[in-house]
Amino acid sequence: MKKKKNEGCSSGKEQTAKKEDAAPRAKSPPTQSRMEQIFGFKAEDLSSWQNLVVLLNRPTDPASLGIFRFLFGMLMAIDVTQERGLSHLDYKYLDGAPVCRFPLFDFLQPLPLDWMYFLYLVMFLGALGIMLGCFYRLSCLMFISTYWYVFFLDKTAWNNHSYLYGLIGFQLTLMDGNRYWSVDGLRRPSIRNAHVPLWNYTLLRTQIFIVYFIAGIKKLDADWVEGYSMSYLAHHRLFDPFKVVLPVELVSLLVVHGGGLVLDLTAGFLLFFDATRPYAFFFVSYFHCMNSQLFSIGMFSYTMLATSPLFCYPDWPRRFFARFPSFLSSVLPLTSAESQPSSSCVYKEVLSAEGQETPTAPKASKLRFKHKLAAIFTIVYIAEQFFLPYSHFITQGYNNWTNGLYGYSWDMMVHSRTHQHVKITYRDGKTGEIGYLNPGVFTQSRRWKDHGDMLKQYATCLNQLLPRYNISDPEIYFDIWVSINERFQQRIFDPRVDIVTADWSPFQPNPWLMPLLVDLSPWRTKFQEIESSLDNQTEIVFIADFPGLHLENFVSEDLGNTSIHILQGKVNVEIVEEKKNYTLQPNEQINVPAGAYHKVYTVSEEPSCYMYVYVNTTEAALQDNFTKLFELQERIRNGTETEPLPPELQPLMAADSEGAEVNATDPIVQLFLKRQRRLKEVKKRREAGLLERMERFTVKKYYTVRRGFLMTAIAVRNLAFGLPPLDQLREEVAFANMKGPQEEANQNDPLKDEVGHAEL
């Protein structure tokens with residue numbers, strides 16, 4: 001439902017005579033009421049069911065819907081190669097690999113690899129067909145059937161925007177999105193530039209309104225309002241302009257959290273009304289452009305930018321493209337104002353000023369069953385979308401510290417988590433032997449650590465895989481420590497429960513979920529005070545544990561001077577090798593030995609709170625050596641170093657030459673030279689001009705997309721003609737894996753393998 005046109009989305013005052021719908025009208029239209037001017041419909045349109053059906057099926061210009069269809073299809077075609085994972089499909093669905101997967105329904109399994117590539121090809125062609133409006137309905141079905149299959153196949157990849165893509169694809173399947181600027185319009189002149197019913201726009205606009213507004217409601221959470229959810233964002237360079245006038249703490253509280261809250265709550269309303277729409281366009285565009293740089297969220301920012309024009313008047317593309325030179329008219333969308341009548345719409349009888357029926361107007365049409373069905377669907381769908389984010393009282397098994405399966409609640413960025421400690425213990429059901437597994441073994445995902453339903457699936461999978469390694473009837477126990485929104489690190493699941501045999505139901509609360517210790521949330525203010533009092537080399541971890549449980553911990557030899565400080569409760573610290581026990585109460589502390597195990601038992605009736613304070617002595621010594629080498633290198637460069645250099649330090653004299661670190665015999669000097677070279681490269685990349693950045697981005701994306709399509713071609717060939725000889729297949733895959741020069745250099749010299757380079 002839409003209001004009377006404003007000049008903010010029109011080309012000038014001469015356009016204000018046009019109405020939202022392009023249906024022919026009387027020469028002297030009646031004066032519109034104030035309500036109709038603001039909302040686009042009259043009060044009597046809501047006075048009866050029949051009037052509401054007529055309103056929702058009112059003939060409307062198809063132009064804006066056609067442009068959105070084109071943009072959405074284009075973005076989804078790109079998304080298939082990017083976030084959907086076409087370029088690395090073989091890593092995810094390699095045939096025969098022992099992998100634990102996390103589908104929504106356990107009976108869902110991936111197809112063989114070649115068929116998965118074919119399925120992705122169908123999805124891509126569907127998105128391309130949506131973009132072009134070519135065999136539109138078939139293309140929509142091709143896209144959403146494969147998209148939702150892939151979506152349900154892996155809960156670990158769920159997020160709000162992936163869910164939104166599926167919803168919009170489903171909506172477009174039911175809409176007349178091919179009536180404007182489409183191949184179908186060229187093939188079938190009868191539908192070209194034909195009206196679409198108003199409910200097509202109502203659904204899309206309401207869906208986007210819900211995304212914004214419910215996200216704002218979710219941000220009324222105390223953690224967001226108090227600035228704990230995304231506090232780290234304030235340190236990003238994009239917020240540097242705000243830090244000119246505000247300290248970083250206020251940038252986090254007022255700009256990141258306060259600004260995000262206000263924008264989400266108001267964006268849908270501001271986009272709807274004429275007077276506020278230009279301001280809304282500016283702020284939501286700025287917001288989404290920033291998000292595209294802050295987060296790895298694929299096409300989401302661009303998809304949301306593409307939805308904004310839906311709130312303008314539906315004929316805006318005609319006025320926009322009318323400004324282009326006439327010789328481009330053959331490839332640009334139509335700019336003529338006249339639209340064809342459509343059986344999907346309901347037309348009212350239009351009379352001239354003399355009371356006679358207007359000859360050029362479509363004949364008045366009767367309400368049909370499909371019109372009523374469209375109105376029912378619109379109302380039910382909107383009601384369902386408002387209900388789903390608050391339906392977690394039904395699917396209680398998916399509730400953890402946050403409600404529901406992450407993805408359909410629009411609680412975007414409200415919760416941030418850090419994991420300090422993850423231990424997987426197995427016990428052989430026959431021999432009683434106890435062992436430990438690497439966290440994440442047999443899976444490529446880390447999302448299982450926060451969701452009880454995924455943990456149950458993971459444990460069941462491990463129970464089925466471990467017998468291959470002579471472990472019979474294994475019991476699986478998880479000890480997972482999580483901090484949510486800067487709280488204490490605490491257990492999320494009961495470590496005493498064998499998850500293989502534990503009960504779990506989608507509709508019942510998870511009995512082995514440990515409660516979030518929200519009563520300890522006020523300690524976060526104290527955390528900030530403690531952390532601000534530490535030097536740069538001292539690290540700290542805040543722990544909270546439940547009565548009757550204990551933490552078994554190993555202190556690395558790199559962590560010297562590690563101590564435990566008690567904040568609340570009473571604990572018993574056992575030094576395993578020394579076989580000694582120490583009882584500690586608040587304000588007491590104890591040093592624990594490096595390179596050894598210790599256990600911390602909570603013996604008080606209430607939860608215990610304590611903190612580890614430690615220094616990474618190895619890294620501190622390394623950084624100290626780096627500082628000395630840097631000072632020496634500076635003296636060599638400016639000629640103030642007069643002492644002869646020993647052989648192991650002479651490579652510092654040729655530090656700017658390629659491969660200088662290769663000639664270094666001292667490992668610290670070698671690592672220092674390598675670090676300096678990488679710092680220089682990072683600085684060069686950050687200071688690169690726009691053209692260089694664009695070239696680097698384009699080359700990277702080219703090789704990513706190239707690999708996806710070459711691997712798809714190999715898979716389709718395999719399905720059509722069978723597998724080639726192994727040597728040929730190996731050569732084809734190697735050709736598909738070819739990377740750009742810069743990527744190969746980075747791959748051969750990964751930063752993550754270097755010690756003490758977190759600043760990079």
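**Loops, helix packing and buried positions in a predicted model**

Aspartate 450 lies in the loop between strand E4 (434-437) and helix H17 (452-465); helices (H or I, at least four residues) and strands (E, at least two) are DSSP runs, numbered from the N terminus. The structure is a predicted model, in which local features need pLDDT of at least 70 and side-chain atom pairs count only at pLDDT 80 or more, while totals for chains, interfaces and linings use all residues. Residues are numbered from 1 along each chain as its sequence is written, and side-chain values use heavy atoms, with hydrogens and water left out.

Aspartate 450 has a relative accessible area of 9% and is therefore buried. Buried means under 20% relative accessible area, exposed over 50%, and partly exposed in between (1.4 Å probe, protein chains only). The side chain of aspartate 450 makes a polar contact with the side chain of histidine 419, at 2.8 Å. A polar contact is a pair of N or O atoms within 3.5 Å; within protein, one must be able to donate a hydrogen and the other to accept it, and residues adjacent in sequence count only if both atoms are side-chain atoms. When neighbours within four places in sequence are left aside, aspartate 450 is in contact (heavy atoms within 4.5 Å) with Asn400, Arg417, His419, Val482, Ile492 and Phe493.

The loop between E4 and H17 also holds phenylalanine 442. This residue counts as buried, because its relative accessibility is 17%. Phenylalanine 442 has a positive phi of about 70 degrees although it is not a glycine. Most residues other than glycine have a negative phi. Asparagine 470, in the loop between H17 and strand E5 (475-484), is not a glycine either, and has a positive phi of about 65 degrees. With a relative accessibility of 71%, asparagine 470 counts as exposed.

Helix H17 itself contains methionine 454, which is buried at 1% relative accessibility. Apart from neighbours within four places in sequence, methionine 454 is in contact with Phe102, Lys155, Thr156, Arg447 and Trp448. The C-alpha atoms of methionine 454 and tyrosine 398 are separated by 9.2 Å, and the two residues are 56 residues apart along the chain. For alanine 337 and lysine 366, which are 29 residues apart along the chain, the C-alpha separation is 25 Å. Alanine 337 is found in the loop between helix H15 (316-321) and helix H16, and is partly exposed, with a relative accessible area of 42%.

Two helix pairs were examined. Axes are lines fitted to C-alpha atoms, for helices over the stretch in contact, and angles run from 0 to 180 degrees between N-to-C directions. The axes of H2 and H16 come within 9 Å and cross at roughly 90 degrees. H2 and H16 are therefore roughly perpendicular to each other; angles under 35 degrees count as roughly parallel, over 145 as roughly antiparallel, 65 to 115 as roughly perpendicular and the rest as oblique. Trp49, Leu52, Val53 and Leu56 of H2 make this contact with His371, Lys372, Ala375, Ile376 and Ile379 of H16. By class, these residues are seven nonpolar, one polar and one charged, where Ala, Val, Leu, Ile, Met, Phe, Trp, Tyr, Cys and Pro count as nonpolar, Asp, Glu, Lys and Arg as charged, and the others, Gly among them, as polar. In H2 (residues 49-56), Leu52, Val53, Val54, Leu55 and Leu56 are buried. Their cover includes strand E2 (196-197), H9 and H16 (369-387).

Helices H3 (residues 63-81) and H9 (residues 198-218) pack at an angle of about 50 degrees, with their axes 10 Å apart. This pair is therefore oblique. Ala63, Ser64, Leu65 and Phe68 in H3 meet Asn200, Tyr201 and Leu204 in H9. The contact of H3 with H9 has five nonpolar, two polar and no charged residues.

Both H3 and H9 are also among the elements that cover the buried residues of H14, together with helix H7 (160-174) and helix H13 (277-294). Six of the eight residues of H14 (residues 300-307) are buried, namely Phe300, Ser301, Thr303, Met304, Ala306 and Thr307.

Over the whole chain, there are 23 helices and 14 strands, and 48% of the 760 residues count as buried. Residues 24 or more positions apart account for 72% of the contacts with a separation of 6 or more.
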